[in-house]
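User: Hey, I've got this one open on my screen. Can you walk me through it?
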There are 2 protein chains.
Amino acid sequence: MPVQQTPASADRRTEILKSAAAAFRRRGYHGASVDEIASALAMTKGNLYYYFRNKEEILFACHEYSLDILVTLLDEVRVEGLPPDQQLRKLVLAFVHLILDELHGTALTLDLQALSPPLLRKVIARRDAVDRGLRRLLQQGMDDGLFAPGDPKMIAFAMMGAVNWIAKWYDPAGPMTSQAIGESFADYLIGGLRRGGLPDSGPPAPAR
Amino acid sequence: MPVQQTPASADRRTEILKSAAAAFRRRGYHGASVDEIASALAMTKGNLYYYFRNKEEILFACHEYSLDILVTLLDEVRVEGLPPDQQLRKLVLAFVHLILDELHGTALTLDLQALSPPLLRKVIARRDAVDRGLRRLLQQGMDDGLFAPGDPKMIAFAMMGAVNWIAKWYDPAGPMTSQAIGESFADYLIGGLRRGGLPDSGPPAPAR
DNA sequence: CGCCGCTTTGAACGCTCGTTCAACGCTGTG
DNA sequence: CACAGCGTTGAACGAGCGTTCAAAGCGGCG
């Protein structure tokens, strides 16, 4: 709760977070200047220090913001009680949508090492929780016989990598909508590459 | 060829590159200081400027170094003329090995945007060439009926993302060898997650 | 030994950036 | 109108960094 302030300034804080996230994504944490973040909002950099103690706290808040949404996503999908493959598909679709349309490319790609050890530990702990949720889902699918056996840890890493990497090449002006990307990724990551049944997914849609 | 110097100083240059790559990976391009790179080699930062014009040129050389190896890899695998799935498997194994054991986590994760437009264009052009090689391989596999139909572009991105992301979580002191990671990734990325034949791969080895 | 070219040093410069802070509107209330 | 507080400003600071450069070290050859 030290993060929360008055309701009035809460909007301002998230405005700053969005601007900062964009700057961090483009130039990296150290490459983005506080002035750059402020200028994009037509405010002076001194003013930022009314809302945040320092630059590091802004980065930390960005991470918290993304993780909040991510964790919520996982929980929402879980309570629906669908079979693991359908849960996974929903997750991938939602995750891609989240990264591209809401966070504009800023999810887990932000610098972690720039955080001081105490804050770093907090973020890593939550990120690991997300990882564990994903692994559990994979393990469950394997136990159910839906998925071929494998190492859930490795597969979870591979999936997260594939999705997080999207931010590196995605161009909003490009030919592919975030929706189409999400479905392509879900098809591949869940359905796999080799021939076999494709039970639930929509049309294959090889959208060039 | 402006990159090459006398044979004597070539070793020194690559030493610097390794140190710089490690620093860039840990703290990002802007976060790593020139002094930090030099100190790791027990030399003064001023000395770096005898081998490189400036910091940016060091980053560029790092990219070139990685890309050289990557392109060579692709070519080597291609000339063997194996079927696409086996070529892909070799590629993934070699790529994982390359990133973890030789580049120590520094492949395509280095800051791109830190390069000035002219250098940036060169790097992107070569990276795109690698992408195209991978896509061609995927397309060929689909045409041959080895792979389920899909968008080669998206799948190539997903594969590159999964592999490049490894650098973000890999811990050399961890329980998994780079070899085991490579095989897990190859199994998943090529064999797919769903049940179906696993033609060529070795033992499934769910190495916890 | 004495010279020469390659390599290294260490100090200095200039600039950028994160952070601080006293002073200043602005807005609503008594 | 006077006051109070939140929000904002802009200037100033100090530190760190990339870069430069004149001078020194060093090794081999004549």
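User: Which helices each supply at least two residues of the surface near DNA strand D?
Analyst: α3 (45-51) of chain A and α3 (45-51) of chain B. Helices here are DSSP runs (H or I, at least four residues), numbered from the N terminus. The largest share, 4 residues, comes from α3(A). Bear in mind that this is a predicted model: local features need pLDDT of at least 70, side-chain atom pairs count only at pLDDT 80 or more, and totals for chains, interfaces and linings use all residues. Side-chain values use heavy atoms, without hydrogens and water.

User: How many residues surround DNA strand D, and which are closest?
Analyst: 15 residues surround DNA strand D, and the closest are A:Tyr50, A:Tyr51, B:Val34, B:Tyr49 and B:Lys55. A residue is near the strand if one of its heavy atoms lies within 4 Å of it.

User: Which phosphate oxygen distances do you have for A:Arg12 and A:Thr44?
Analyst: For A:Arg12, a polar side-chain atom lies 3.4 Å from a phosphate oxygen of DNA strand D. For A:Thr44, a side-chain N or O atom is 3.3 Å from a phosphate oxygen. Polar contacts are pairs of N or O atoms within 3.5 Å.

User: And A:Asn47, what is its side chain 3.2 Å from?
Analyst: A sugar or linking oxygen of DNA strand D, reached by an N or O atom of the A:Asn47 side chain.

User: Switching topic: at what angle do α6 and α7 of chain B pack?
Analyst: About 120 degrees, with their axes 9 Å apart. α6(B) passes α7(B) in a right-handed crossing.

Terms used
Residues are numbered from 1 along each chain as its sequence is written. Chains are lettered from A and ligands numbered from 1 in the order in which they are written. Axes are lines fitted to C-alpha atoms, for helices over the stretch in contact, and angles run from 0 to 180 degrees between N-to-C directions. A crossing is left-handed if the near helix is turned anticlockwise from the far one by less than a right angle, and right-handed if clockwise. A polar contact is a pair of N or O atoms within 3.5 Å; within protein, one must be able to donate a hydrogen and the other to accept it, and residues adjacent in sequence count only if both atoms are side-chain atoms.
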